[in-house]
Amino acid sequence: MKEEMIIEKVSKQNPFRVPEGYFDTLTSQIMAKVDESASTVVVPLKENKKKKSAKVVWLRPVLYAAASVCALFISVVAYQSHSDSPTAAPVATVAEPQSMDYSFDEAADYLMIDNQDIYACLSSDY
């Protein structure tokens, strides 16, 4: 029912129309505009590039030096804050040897080997 009301209000005719003779003169108008734009060539000023590049060339060493000084400052501050902290010196710890059964079980679980695979490997001749 809603569709019928919309079709009645809008109708099926296209409300847009192209002016008569539009496509007859369209190509000539486009070609005329292309010819005009091709005849006007914009040449960039090289002086502006030279001025910018001279400024950039002069500023590069200054920027590199500033970045190096900042990196050095941050490194020194980080080292000082780390060395001033009252932490105990690291103590060497001796790892307790694990039982062979435990490490073998971990390896078997990692490799997804069950008991039958283990028996087959042990009984086969190498």
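This briefing covers the fold, surface and confidence of one protein chain. The model is predicted. The chain holds 5 helices and 0 strands. Of its 126 residues, 2% count as buried.

**Overall fold**
- Read from the N terminus, the elements run α-α-α-α-α.
- Helix α1 covers residues 2-10.
- Helix α2 spans residues 22-39.
- Helix α3 takes in residues 46-83.
- Helix α4 runs over residues 100-111.

**Confidence**
- The average pLDDT of the chain is 76.
- A score of at least 70 is reached by 68% of the residues.
- Helix α2 has the highest confidence, at a mean of 82.
- Helix α4 has the lowest, at a mean of 72.
- Where pLDDT is low, the predicted coordinates should not be read in detail.

**Burial and surface**
- The chain exposes about 13200 Å².
- Carbon and sulfur atoms supply 64% of that area.
- Just after α1 comes S11, which takes a positive phi of about 65 degrees.

**A nonpolar patch**
- Four residues form a nonpolar patch on the surface: W58, L59, V62 and L63.
- Together they have about 440 Å² of accessible area.
- The relative accessibility of V62 is 45%, so V62 counts as partly exposed.
- Patch members need over 30% relative accessible area, and V62 has 45%.

**An aromatic pair**
- The count of aromatic pairs is 1.
- The partners are Y22 and F23, with ring centres 5.3 Å apart.
- Centres within 6.5 Å make a pair, so Y22 and F23 qualify at 5.3 Å.
- Their planes stand at 80 degrees, so the pair is edge-to-face. The cut-off for that label is over 60.
- Y22 has a relative accessible area of 38%, so Y22 is partly exposed.
- F23 has 57% relative accessibility, so F23 counts as exposed. The cut-off for exposed is over 50%.

Definitions and conventions. Residues numbered from 1 in each chain as written. Predicted model: local features only at pLDDT ≥ 70, side-chain atom pairs only at ≥ 80, totals over all residues. Heavy atoms only, no water. Buried < 20%, exposed > 50% of the residue type's maximum accessible area, 1.4 Å probe, protein only. Helix = DSSP H or I, 4+ residues; strand = E, 2+ residues; numbered from the N terminus. Phe/Tyr/Trp six-rings, centres within 6.5 Å; stacked < 30°, edge-to-face > 60°. Areas by Shrake-Rupley, 256 points an atom, 1.4 Å probe, with all protein chains shown as cover. pLDDT = per-residue confidence, 0-100. Patch = residues over 30% accessible without salt bridge, like charges linked within 9 Å, V, L, I, M, F, W, Y side chains within 5 Å. Salt bridge = Lys/Arg side-chain N within 4 Å of Asp/Glu carboxyl O.
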